[in-house]
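Trainee: I'd like to go through the labels on this one and see what each rests on. Can we take them in turn?

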Amino acid sequence: MLLVHLADLHLGHRAYRRVEGGRNTREGDVAGAFQRALEGIVSLRPQILLVAGDVFDRPDPPPGALVTLTRGLEALRAELPETPIFLVAGARDIPRVAPPELGALAALGPLPQVEVVGETAAAFHLPELDTHLVCLPDGALSRRPYPQIKPRPEARWNLLLAYADVGTGPGPGLPLELGPWDYAALGYQHQFRQVAPRAFYAGSLERVGPEPWREAGLEKGYVSFDLESAKWRFHRVGGRAVVVLAPLRLPRGGGIQLREKLQEVLAEVPGGVDGKLVRVRVEGLTPEEVRREGQAVLKPLLEQALHLAIEVDDFQGMAEEDALPLVGRDRGHALRVVRERLRSRGEEGLAALALLEDLEKGWNGSQGTKGGGGREEALLIRELHGSGLPLFGELSLETREGLVGWVGGDGRVLQAFEHLLLVGVGGRPPGGRRGLALPSGAQLVVRLGGAGGESFWIRNGGGRVVADRGQESVPPWGLPAEGLALAWCGIGGETLEALIDGSVAVLSWARGAEGLARVLEGLKAQFPALGTEGPPGPLTEADFERLRLEAELADLEAQLKALADAPQEVSALEGELREVRGEAAEVTGELEAATTAWLREQQDAETHLRAYRDRAREIRERIRTLESLGPDGPCPTCRRPLGETVGAVLEELRDEWDRLVQDGQWWRRRLEQLSQKPDDLRALETRSRRLNARLEDCTERLERARSRLRERDELRIRAQEVRERLQALRGGEGGGEGRSVEGGRAGGNHGNGGKAGRWGGRQEARILHEEVREVEGSLRREARGRLLRRGGRRLNRLSGGRILGFAVREEDGGVSLVEVGGAAGVEAEEDKAAAAVALRVALAELLAEDWSPLGSLVVGDPFDRMGEEDQVRALLLLRRLLSRIPQVWLLTRGSVVNRAPEYFDALFEFREDPFRGVSALRSVPAGVGVLRIR
């Protein structure tokens, strides 16, 4: 008996906005793959067809998808009228945040020989096939209680059709013993995979993931399985070609080589790139350089390829021109830099340093200038309960780590929930902004739990904030109120410019800008006129030139000091790279040998098993022939009647048949054992993957270190030039007034006669003020550069390579989006929304590196304004963020949840009845169910 197993059709899948014949091109690709699969199935003439979930790409598929499915099934029924067809609903087929209904799958109900299982488990007995089939749709396993499923002992074949993930060991999910089941047809994973001797994921028929490049090397198709012989075959279905070009690594400033490199890798693509999905990764250049230098080659590619994704990674740009050395989670870093700069200025700098120490004594050891991060890692919402709340009334929820979705309500409701969270943890909106006001009778209780396992309550009623943790008070959030509201909930960053400016302020604060601000406040209090400029007085042009050169030289020496360890770092990384390459080559050889041995053993076992089965079948036929003919049966050798010797011959044949059966059973068990990769082979594969990842990481770090070494050489040359010019300038002025360049900047009042009043304060106050302002500017420049680079890379991935990143406009210092095929200065609102989400993610990542990781992140309004394709890729980006931030809240109106519910770990649906004035919140099943195979 032959069955065919299909899965994850995703009919109606759309991507890349390319239309052919009035239909999205990718939608046509998916429909074409389905048609080709049906043609192959007809030629196989199976006795049963199983379709394992995600028939459609979304619960409300375009009409063409339903037409494609019904026409295909009708054609299949016409060719195979006796073949029953069973479909189970997947996560994409039935809406999660609306009343459960079969949706578009309900249209298949009237079709004869077609059974659709929507929300609950169902069992079917097929007497004509002597088969028992159990169907488990997504709804049966994503909701508790789990169904009770059992095979039917009297049936010859017991089959399982399920849409689920597969796990082993303890954990949530439906336990399943695969032994009694003759075949398990699984859906959900898009890759063909055998999870047990008789259990398979068929995979999708096309590359329908948000990042098709990850599936470029995977075969797509369906599975046929012969229940009697247990032989299976994967039938490949051709689809749209995906081309992943070799990465282009270029030196910093080497944009002129981009065109030549692109043409080289394109020439290696068999058949060219016409109509294909193409990804190219460019490393070492900025988005602007890629657009400027690669325009001549990339723009024609945009027209030839169905979609061109350009990934840009300017990792070499991390070496800032005026960067302060990175010291993660160190709030006193900025003031230490000020002290070092003051010491380099000689006696006048030491006087300014004494003034700084006097100011610090007045702070009473405030945490604002000490090392360490804040308490933001405790912002992980465990429970939230409230009564008498504006817009919500009664509200109660319990949640966990992972991607959490709040679904429903308009923009007013979603914004109110953001403010409610902020109020719940004792925060407030940025200065002057009107937030959610709790009435005097309202009660709000929030339980938080940090990554360290601690848990505590915050009770907010009538304007009071009290922590329920014994005698302890509410944890002091390390960020200022505006920074907390922006970094956690995005409040205060409603426009792209405001988001960038606010994020720069938050990152500067995390690197120590708080201490600099306190110094400036203290100076202003003692010297009110400090910073006001007076007339030039007796200062000459030579004085101004000398001051400029001294300032430039001090900056160059600070940068050279930060890069002093570059040669040692390059040498160490080169040695590490040689070591890793050697180990990787050795492991690769061992892996190839182990894989060859395993495959050879598999083939040997299968050959022996097939030989024993053929011989046993031949002996069995002889026995049956002799039993039917008796003494008149012919001798196997001479063909004469056996007569009285028939009994002895039969006994000998039966003995041989028994031996063959026993040996065949041994080889069958041996083949089943070999169907799973040996532990040593799995260990080698794991080791090989880790070594390759380590090799790639080491190569990237070496490139960065070499870039720092080149930068160090350039700075040394520039510093020598400045020294020579400064020496010449001082020599022209006469000997006594010059100072050693190695000592730092020149001292004195430069001809102002010591009149400190002209500078608004004493000389040491002016020097301290000047150094603090310069370090503060460096902090902000560094924070802005890191934010735009990190945010640009996230936007690049989020947009599918359509947008290269951010660029700073020279005319006004503003930020614009870099897109190869777009018109300069024209930016779509959905792209601006995607940029805002990318910057929010970048801010959260950088805070985790420089400050402390947020316990959670709340993403709201910009998300719903993004394009549909970008939204799904954003879910993937947010899930990757969970490795740094344990909980991410997505506040959305809900359409993306129905399109991709499998990405979420928890869902809450909010419903509001404006006519009755009531609202309700309910928990909705999230993710996909799990089969725990034993």
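This is a predicted model: local features need pLDDT of at least 70, side-chain atom pairs count only at pLDDT 80 or more; totals for chains, interfaces and linings use all residues.

Trainee: How many helices and strands does the protein chain have?

Mentor: There are 18 helices and 33 strands. Both are DSSP runs numbered from the N terminus: helices are H or I with at least four residues, strands are E with at least two.

Trainee: Why does glutamate 845 count as buried?

Mentor: Buried means under 20% relative accessible area, exposed over 50%, partly exposed in between (1.4 Å probe, protein chains only). Glutamate 845 has 6% relative accessibility, so it counts as buried. It is found in helix H16 (residues 829–850). Leaving aside neighbours within four places in sequence, glutamate 845 is in contact (heavy atoms within 4.5 Å) with Arg790, Arg794, Leu881 and Arg884.

Trainee: What is the angle between the axes of helix H7 (residues 346–361) and helix H15 (residues 763–798)?

Mentor: The axes cross at roughly 80° and come within 8 Å. Axes here are lines fitted to C-alpha atoms, for helices over the stretch in contact, with angles from 0 to 180 degrees between N-to-C directions. Under 35 degrees counts as roughly parallel, over 145 as roughly antiparallel, 65 to 115 as roughly perpendicular and the rest as oblique. H7 and H15 are therefore roughly perpendicular. Among the residues making the contact are Leu355 and Leu359 of H7 and Ile767 and Leu768 of H15.

Trainee: Where is the kink in H5 centred?

Mentor: On glutamine 295, with a kink of about 85°. The bend at a residue is the angle between axes fitted to the seven residues ending there and the seven starting there. Helix H5 (residues 287–304) spans only 22 Å between its end C-alpha atoms, whereas a straight helix of 18 residues would span 26 Å at 1.5 Å a residue. That expected span is 1.5 Å times one less than the number of residues.

Trainee: What makes strand S10 (residues 165–167) and S33 a pair?

Mentor: Two strands pair if DSSP finds at least two bridges between them. S10 and S33 have three, in the parallel sense, with valine 930 in S33 as the bridge partner of aspartate 165. Strand S11 (residues 174–176) also runs parallel to S33, joined by three bridges.

Key: Residues are numbered from 1 along each chain as its sequence is written. Side-chain values use heavy atoms; hydrogens and water are left out.
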